[in-house]
Amino acid sequence: MATIQINNLSKFYGSKEGGAAVSGLNLDIRDNQFVTLLGPSGCGKTTTLRLIAGYITPDAGTIRVGDRVVSSADGVAPPDRRGMGMVFQNYAVWPHKTVFENVVFGLRLRKVPAEAARRKVLDMLAMVNLAGLEDRLPSELSGGQQQRVALARSLVVEPGILLLDEPLSNLDAKLREKMRTELKQLQRRTGITFVYVTHDQAEALALSDQIAVMHGGELQQYGSPDDVYRRPANKIVADFMGIVNFLPGTVEAGPNGLAVAVDGVAVPAPVHGTLAAGQPVDLAVRPESVRLAVGEAGTGRLAATVTDMTYLGNLVEYWLQLESGTALRAQTHPLERFSVGDRVNLSIDAADCSVFPRAGAAH
Amino acid sequence: MALLTLASPSRAAALPRWLGLEGLVIGGAIAALVVLVVLPVLSLVAASVWDKGLTGSFFATALGSTANLRALGNSLILGAWTGLISIVIGVPLAWAVSRTNVPAKGLIQLTATLSYLSPPFLTAIAFVNLFSPNAGVANVFLREVVGLDVTFNIFTMSGLVFVTVLHTFPFVYLLASSALQSVDASYEEAAQILGASKLRTALSITLPLVAPAVLSGTLLAFVNAIALFGSQAIIGLPGRVVTLPTRIYALFDYPPQYGVASALSLLFIAITVIALYLQRAFLARRSYVTLAGKGARPQLMDLGGWRWALFALCVVAFVVAILLPYGTLIAVSFSKSWGLAFWQNLTLENYRFILIDYDVTRRAILNSLMLATIAATFCVFLGAIISWIDIRTRLPGRKLLDYAALIPLGLPGIVMAVALLQFWLKMPVALYGTFAILLLAYVGRYVPLGVRAANSSLRQIDPSLEEAAQILGASWGTRMKEITLPLIRPGLFAGWLLVFVPVIQELSASILLFSSESITLAVAVYNLYETGYTEPVAALAIVNMIIIAVAIGIARHFGGSRIGLKTGG
Ligand SMILES: Nc1ncnc2c1ncn2[C@@H]1O[C@H](COP(=O)(O)OP(=O)(O)O)[C@@H](O)[C@H]1O
Ligand SMILES: [Mg+2]
């Protein structure tokens with residue numbers, strides 16, 4: 001029963017004003033899930049993870065594992081009694097123990113007989129591709145190998161919950177990609193509940209069943225990768241999940257309900273029920289939702305000029321300027337080529353857009 | 001799925017935290033510190049203001065009489081000069097060893113280590129043998145062989161500073177060189193790539209990174225210098241350079257003036273606390289969690305021809321600090337009668353006398369060995385627990401605990417002895433003249449060295465290493481035994497040595513606390529010196545150094561862990 005239920009969790013450092021590392025966090029983590037805490041550096045991810053592990057005591061709120069309260073402001077069950085696993089950002093591989101001694105440590109604590117423990121360790125080392133290195137000291141391993149030792153050490157005791165704090169951030173891109181795939185397979189295979197911390201949205205999207213986007217100690221959105229990417233709850237999430245254009249517009253009533261007028265063109269984006277006609281809004285448009293065509297604009301299409309382009313290999317990115325002067329980024333297939341200075345017209349996949357009230361604008 | 005079968009470590013039901021091993025150990029350490037340091041110091045405070053009622057007369061005398069004021073002034077002068085000259089000698093040597101391609105780095109390391117290990121009162125005796133105005137062999141040589149009309153007089157403030165610096169410059173050297181070695185070259189390269197010159201880099205990057213260590217070493221040198229009773233008695237008293245320790249000692253001549261001595265001691269403590277506060281303020285400015293498995297790679301400077309000039313300086317340091325005093329002591333120890341013509345009749349008689357014939361020195365050697373071993377072990381474990389509490393827990397008042405553990409650093413041994421005497425005389429246990437009271441004095445006095453050694457090792461170890469064991473189910477005891485203690489083991493053995501060495505040669509507390517049964521090595525040396533046994537004293541000094549050498553060998557043997565060997569440390 002490796003579910004985690006976080007209710008109203010807060011942790012303050014220093015003064016209560018603005019000193020909240022985590023505030024009012026609610027999170028429901030189901031069994032066998034890969035859940036990612038995502039957000040920029042300093043947003044409270046590590047603090048949340050360490051609260052779950054029991055290293056720190058919350059100032060308010062509770063954490064339940066299964067049906068047991070493990071943390072509250074009144075006290076915490078210490079980490080050594082939680083049966084969780086944790087992979088630290090700096091690996092925390094013990095430098096004075098060999099690879100084997102590192103991995104077998106948890107099994108010895110559980111009084112697993114020597115021969116069985118040995119077999120388990122060797123199996124686990126084979127699983128993380130470290131077979132044959134069991135007598136090495138950590139100082140004789142590369143960063144990626146140390147990372148695997150840390151992983152093997154926490155997995156070999158078969159915890160119900162594994163906490164991972166930016167485990168791939170110290171690896172190079174290629175290895176990161178490889179480990180990412182392995183982690184995901186590992187999670188599927190073992191059924192362990194993973195709580196994974198990262199500031200890399202691509203990593204989060206690729207790995208997770210559920211993503212909790214955090215900012216300034218607060219949860220911004222909790223949902224599937226598709227949800228947080230295509231239906232961001234607010235501008236912070238929209239901005240953090242990838243490149244996004246915010247096009248200033250106004251809500252207007254159209255033939256099929258509310259739409260957003262941008263540069264006089266109605267974009268039938270899903271407008272939130274709380275928004276009324278006439279209200280100034282920002283239309284969040286991903287670069288890949290913009291379609292370009294040559295020539296002057298027709299009805300329902302926006303006129304623009306290409307001001308810059310970047311070749312990205314699988315994509316080409318264009319910087320465009322609308323009639324009103326608003327700048328916009330678009331990404332297209334490399335087969336469709338435009339040049340700087342070209343007059344183009346564009347359409348927007350309205351269904352993939354989000355609409356947010358414009359900050360600072362009066363209602 | 002069988003996955004969850006292993007999930008929880010099989011452990012007994014949770015005890016309340018304060019009842020567990022962790023709570024007991026922490027509580028024990030706090031209680032030990034209270035009995036060893038806090039209560040004796042408090043009884044010192046009481047004695048300084050209490051004479052059948054509250055009184056200020058002791059402080060008035062302490063601050064009013066010329067003799068006391070002169071002692072206070074002399075101590076400050078001694079400490080200031082010693083600290084300053086320790087920087088002048090220690091920093092260049094540290095820089096040479098850590099950052100340049102100077103040849104024979106081993107020699108510098110050896111010089112610093114031996115200088116620190118040398119008992120200051122033995123160095124003092126050696127230099128008295130050379131430079132006492134009348135009989136000093138060097139003076140006799142200059143007068144009678146060279147024919148110069150110069151006489152060096154060791155019995156002066158300059159002489160005292162000279163002898164003291166030989167003992168204290170290693171504080172600056174050791175802290176500065178380890179700081180210099182831990183500054184990774186990448187910091188300096190980052191500055192150089194931005195266009196900073198070597199000098200600019202040294203001043204704006206390296207210096208600020210190592211300045212706290214240098215200042216910290218200097219303050220330690222200061223605090224240690226003013227607390228040395230032996231050299232100040234041997235060199236200061238004949239030249240009428242009275243300092244605080246010797247003044248306090250004199251106050252115990254019959255009739256003893258406990259109150260004034262206590263008041264003077266408290267002034268002494270005040271000076272120390274201020275120095276230590278400054279030291280900690282410097283260190284607190286930066287956090288030193290730098291080592292999470294990977295070692296730093298210091299940048300080495302190619303000095304070209306200049307390295308030979310630097311090398312010459314190092315050789316001079318070696319000759320003056322090591323060769324001269326040890327050569328002298330060895331020569332004296334084999335002489336029938338010390339003088340210019342000593343080599344004409346060499347003898348082993350002095351060694352025979354102190355090791356076999358004379359039961360007092362025989363007993364003293366055994367006593368000191370036993371006391372030093374026990375005291376060093378206690379100090380190291382107590383120190384490890386106290387610094388662990390400071391660094392790893394959020395226990396309220398842990399800073400206070402840390403300060404309390406540092407107070408004895410500035411208690412001259414004689415003050416520690418007075419405090420212990422006054423405190424234990426009031427207790428219903430008769431400790432006077434026993435081994436126990438000597439042990440209490442040693443552990444109390446040197447626990448800061450244990451704390452310091454453990455502290456610097458612990459700071460090097462990222463807390464996540466302990467946390468990783470904890471989440472795997474390791475209890476506090478297991479974490480300590482499996483992770484923390486093995487990782488700080490080299491530091492602990494270094495700390496053990498750091499305590500063992502001064503305890504073997506401890507004089508200033510022992511001289512008030514010993515009995516004929518519990519006489520110690522240093523007391524035996526001092527008594528022999530006072531009664532004019534020049535040659536056996538030298539033999540005893542050499543025996544002392546042999547004991548220290550053996551202890552170092554043993555500590556190295558056990559302290560060298562796999563990490564230690566790998567990093568060449
Ligand atoms: N031990 C601590 N003492 C004081 N402030 C802390 C401590 N740990 C974290 N913080 C603060 O709490 C906030 C969240 O930190 P953290 O959880 O480490 O962020 P993240 O892991 O998302 O980068 C930061 O502003 C950080 O400075
Ligand atoms: Mg973090």
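Biologist: Which residues surround ligand 1 in chain A?

Modeller: A residue counts as near a molecule if one of its heavy atoms lies within 4 Å of it. In this predicted model, the residues around ligand 1 are A:Tyr13, A:Ala21, A:Pro40, A:Ser41, A:Gly42, A:Cys43, A:Gly44, A:Lys45, A:Thr46 and A:Thr47. Helix 1 (residues 45-53) of chain A gives the most to this shell, with 3 residues. Helices (H or I, at least four residues) and strands (E, at least two) are DSSP runs, numbered from the N terminus.

As for conventions, residues are numbered from 1 along each chain as its sequence is written, and chains are lettered from A and ligands numbered from 1 in the order in which they are written. Local features need pLDDT of at least 70, side-chain atom pairs count only at pLDDT 80 or more, and totals for chains, interfaces and linings use all residues, while side-chain values use heavy atoms, with hydrogens and water left out.

Biologist: How many residues of the shell around ligand 1 are nonpolar, polar and charged?

Modeller: Ala, Val, Leu, Ile, Met, Phe, Trp, Tyr, Cys and Pro count as nonpolar, Asp, Glu, Lys and Arg as charged, and the others, Gly among them, as polar. The shell divides into 4 nonpolar, 5 polar and 1 charged.

Biologist: Where does the backbone of A:Gly44 stand relative to ligand 1?

Modeller: A polar contact is a pair of N or O atoms within 3.5 Å. A backbone N or O atom of A:Gly44 lies 3.0 Å from an oxygen atom of ligand 1. For A:Gly42 the corresponding distance is 2.6 Å, and for a polar backbone atom of A:Cys43 it is 3.2 Å. Taken alone, ligand 1 exposes 560 Å², and the protein buries 56% of that. Such areas come from the Shrake-Rupley method with a 1.4 Å probe.

Biologist: What is the salt-bridge partner of A:Lys235?

Modeller: A salt bridge is a side-chain nitrogen of Lys or Arg within 4 Å of a carboxyl oxygen of Asp or Glu. A:Lys235 forms one with A:Asp282, the closest N and O atoms being 2.5 Å apart. The pair links distant parts of the chain, with A:Lys235 in helix 8 (residues 235-240) and A:Asp282 in strand 15 (residues 280-285), 47 residues apart.

Biologist: Is A:Asp282 buried or exposed?

Modeller: Buried means under 20% relative accessible area, exposed over 50%, and partly exposed in between (1.4 Å probe, protein chains only). A:Asp282 is buried because its relative accessible area is 7%, whereas A:Lys235, at 25%, counts as partly exposed.

Biologist: Which other salt bridge links distant parts of a chain?

Modeller: The side chains of B:Arg392 and B:Glu466 meet at 3.1 Å, N to O. B:Arg392 is in helix 15 (residues 359-392) of chain B and B:Glu466 in helix 19 (residues 463-471), 74 residues apart. B:Glu466 is buried, with a relative accessible area of 7%.

Biologist: What is omega for the bond between B:Tyr254 and B:Pro255?

Modeller: Most residues other than glycine have a negative phi, and most peptide bonds are trans. The bond joining B:Tyr254 and B:Pro255 is cis, with omega about -5°. B:Pro255 lies in the loop between helix 11 (244-250) and helix 12 (258-284) of chain B.

Biologist: Where is B:Arg240, with its positive phi?

Modeller: B:Arg240 has phi near 60° and sits in the loop between helix 10 (229-236) and helix 11 of chain B. At 72% relative accessible area, B:Arg240 is exposed.

Technical notes:
Polar contact = N/O pair within 3.5 Å; in protein donor to acceptor, adjacent residues only side chain to side chain.
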